[in-house]
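Dear colleague,

Please find below the structure I promised to hand over.

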Amino acid sequence: PPRSTLSSSSAASDVYKRQDRILETGRYQISRYPGNPLHEGLTAAARAGDGTALSNLLSTLAFLASALVFLAVARAVGARRPRWLLLIYCFLPILFVASTVTMDYVWALLCVLGAYLLLLRERYLLSAVVLGAAVGFRLGSAVLLVPMLLHLWAQGRGRRIPSYAAVCALTGLAAFSPPLLTRGPGVLSFYLSPRHELSHVPYFAAYTLGLPTSALLLVGLPARGRTMLRELKGRVPVVWTCIGAILVVGALFARIPLESEYLIPALPFLLLLVDRWSGRSYLIAFTVLSLLFGLVKIEAKDTSNLDVVRVAPHPAPGLIVEDLTGRRDQELLRTPMAPALGRLVGAESPVAVVTGFLVGCAQFRENPDLEEIHLEGVHQQRGLYAVEDSRTVLWNGPLDEAGYRELRDRGYEVVFLEGALRYSRLDSGFELGDRPARIVTQEQLLAAARLSRAQGRGTGPS
């Protein structure tokens with residue numbers, strides 16, 4: 001598939017951009033802070049072989065492997081309906097989407113599940129090594145050491161805890177050594193300070209599985225409180241492991257609630273508890289609601305106002321449909337981006353378009369008509385792009401007060417793409433007030449791109 005269909009998120013294009021640099025220079029470069037060296041090295045090698053198609057396929061194969069490991073885990077812990085759990089696991093919308101893009105989520109998940117399966121089979125040393133490898137795919141996987149140690153404790157194997165932790169730590173340090181050697185120990189502080197408001201936590205958590213499914217969990221699982229307490233007192237290993245995994249992943253997410261995908265490592269453990277503590281009717285309802293989330297969802301936010309978000313529940317496309325639509329829009333924007341922007345903001349006068357990471361970001365970074373630049377007197381060091389044959393520049397990220405003043409002082413008109421003004425306020429506290437600026441909606445940008453393509457102005461390699 002074309003590079004622009006990697007994902008409806010800009011993160012996948014970050015991975016590709018840095019992998020291109022790794023192939024060009026032969027030196028490690030962080031694709032997404034704080035770094036995912038095993039995934040970056042693996043997919044850079046895939047790009048050298050067969051490019052986008054192979055690296056996307058590797059993600060799918062890793063997910064299929066994780067599904068088989070999850071089935072083995074479910075059987076090993078005595079799940080009542082392991083095949084049913086496998087069905088839910090394979091078609092959970094958030095996992096389904098993650099399995100079709102060149103990202104690190106499913107690779108880390110495969111290692112975590114593999115480590116747990118090996119622990120259940122009492123292959124302690126190998127389990128610790130595999131869990132350490134998960135850190136090389138995602139640094140946040142390190143918190144899953146806690147539930148593994150809880151399993152050993154609940155199983156009465158406490159004497160193995162020091163050696164297991166030591167082997168996991170040493171393997172994790174080795175797997176994560178490229179970012180440490182490149183940027184120093186400071187990269188480890190990535191998860192130590194919150195990046196967004198705590199109000200983001202319940203929203204992203206609810207939309208990991210969808211609002212109805214989350215409501216069902218909130219209503220159903222607490223009713224099993226007595227069973228949970230009894231099994232915790234009885235030191236049932238699977239219960240301690242699953243609850244521990246959910247708590248540590250949730251705690252880490254509360255520190256940096258950037259994406260619902262950060263909660264993916266907790267999902268297999270949640271499914272094991274749902275199977276353990278629920279009856280057939282509850283599991284049917286959970287399955288139907290979870291899978292429907294891929295097709296349609298109840299969206300709590302009304303974003304029709306481009307500046308202010310209101311709470312107004314309404315039906316919206318589900319996670320899978322939304323992702324497919326986003327990929328289609330990105331493919332539409334890829335080649336005619338420059339002429340489309342020219343139609344909207346003009347090509348003769350200096351215009352700075354603020355993207356806010358929200359609309360078409362991947363296309364900005366991959367488009368041959370755009371060149372990354374640095375403007376003297378502007379503090380933005382990364383994410384500035386010049387549009388070919390025009391005086392337009394793209395500000396890729398949220399805008400702050402200093403950036404607005406610098407752009408205006410240099411004679412640029414400021415234009416915000418849809419959502420960028422809101423994102424700038426959340427990120428830096430920027431308030432536009434009555435200062436001059438234009439806002440371009442996503443539909444206006446897509447319409448201009450369609451017109452440019454229809455007139456043959458956006459043709460080019462795909």
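**Salt bridges**

Glu322 and Lys297 are joined through their side chains by a salt bridge, with an N to O distance of 3.4 Å. Please bear in mind that this is a predicted model. The two partners come from distant parts of the chain, 25 residues apart: Glu322 belongs to helix H17 (residues 319-334), and Lys297 to strand S1 (residues 296-302). Glu322 has a relative accessible area of 37% and is therefore partly exposed. Lys297, in contrast, has a relative accessibility of 10%, so it counts as buried, the cut-off for that class being under 20%. Together with Glu299, Lys297 and Glu322 make up a network of salt bridges.

In the whole structure, the search returns 8 salt bridges. Another of them pairs the side chains of Asp275 and Arg81, at 3.3 Å from N to O. Here the partners are 194 residues apart: Asp275 is in helix H15, while Arg81 is in the loop between helix H3 (51-76) and helix H4 (82-91). Both Asp275 and Arg81 are buried.

A further salt bridge is formed by Glu401 and Arg435, whose closest N and O atoms are 2.9 Å apart. Glu401 lies in helix H20 (residues 401-409) and Arg435 in the loop between helix H21 (420-428) and strand S8 (438-440), so this pair ties together parts that are 34 residues apart in sequence. Glu401 is partly exposed, with a relative accessible area of 29%, and Arg435 is also partly exposed, at 26%.

**An enclosed helix**

Why is helix H8 (residues 145-154) described as largely enclosed by the rest of the structure? The reason is that 7 of its 10 residues are buried. The buried residues of H8 are Leu145, Pro147, Met148, Leu149, His151, Leu152 and Ala154. These residues pack against H6, helix H7 (124-137), helix H9 (161-175) and H14. Just after H8, Gly156 adopts a positive phi of about 80 degrees.

**Cavity and pocket**

The structure contains 1 cavity of 30 Å³ or more. The largest cavity has a volume of about 160 Å³. Its lining consists of 17 residues, of which Arg138, Gly140, Leu252, Tyr262 and Pro265 are the closest to the centre. Helix H6 (105-120) and helix H14 (237-255) are the elements that give two or more residues to this lining. By class, the lining of the largest cavity comprises 13 nonpolar, 2 polar and 2 charged residues.

The second largest pocket has a volume of about 730 Å³. Of its 25 lining residues, those closest to the centre are Leu217, Leu218, Leu221, Ile246 and Leu270. Two or more lining residues come from each of helix H11 (200-209), helix H12 (211-220), helix H13 (225-233), H14 and helix H15 (267-277). The most is given by H14, with 6 residues. The lining of the second largest pocket divides into 20 nonpolar, 4 polar and 1 charged.

With kind regards

Terms used:
Residues are numbered from 1 along each chain as its sequence is written. This is a predicted model: local features need pLDDT of at least 70, side-chain atom pairs count only at pLDDT 80 or more; totals for chains, interfaces and linings use all residues. Side-chain values use heavy atoms; hydrogens and water are left out. On a 1 Å grid over the protein atoms alone, a cavity is a set of points where a 1.4 Å probe fits but cannot get out, and a pocket is an open set with protein on both sides within 12 Å along at least five of seven lines; lining residues have an atom within 4 Å of a point. Grid points are joined across faces, edges and corners, and a volume is the space filled by probe spheres set on the points. Helices (H or I, at least four residues) and strands (E, at least two) are DSSP runs, numbered from the N terminus. Ala, Val, Leu, Ile, Met, Phe, Trp, Tyr, Cys and Pro count as nonpolar, Asp, Glu, Lys and Arg as charged, and the others, Gly among them, as polar. Buried means under 20% relative accessible area, exposed over 50%, partly exposed in between (1.4 Å probe, protein chains only). Contact means heavy atoms within 4.5 Å. A salt bridge is a side-chain nitrogen of Lys or Arg within 4 Å of a carboxyl oxygen of Asp or Glu.
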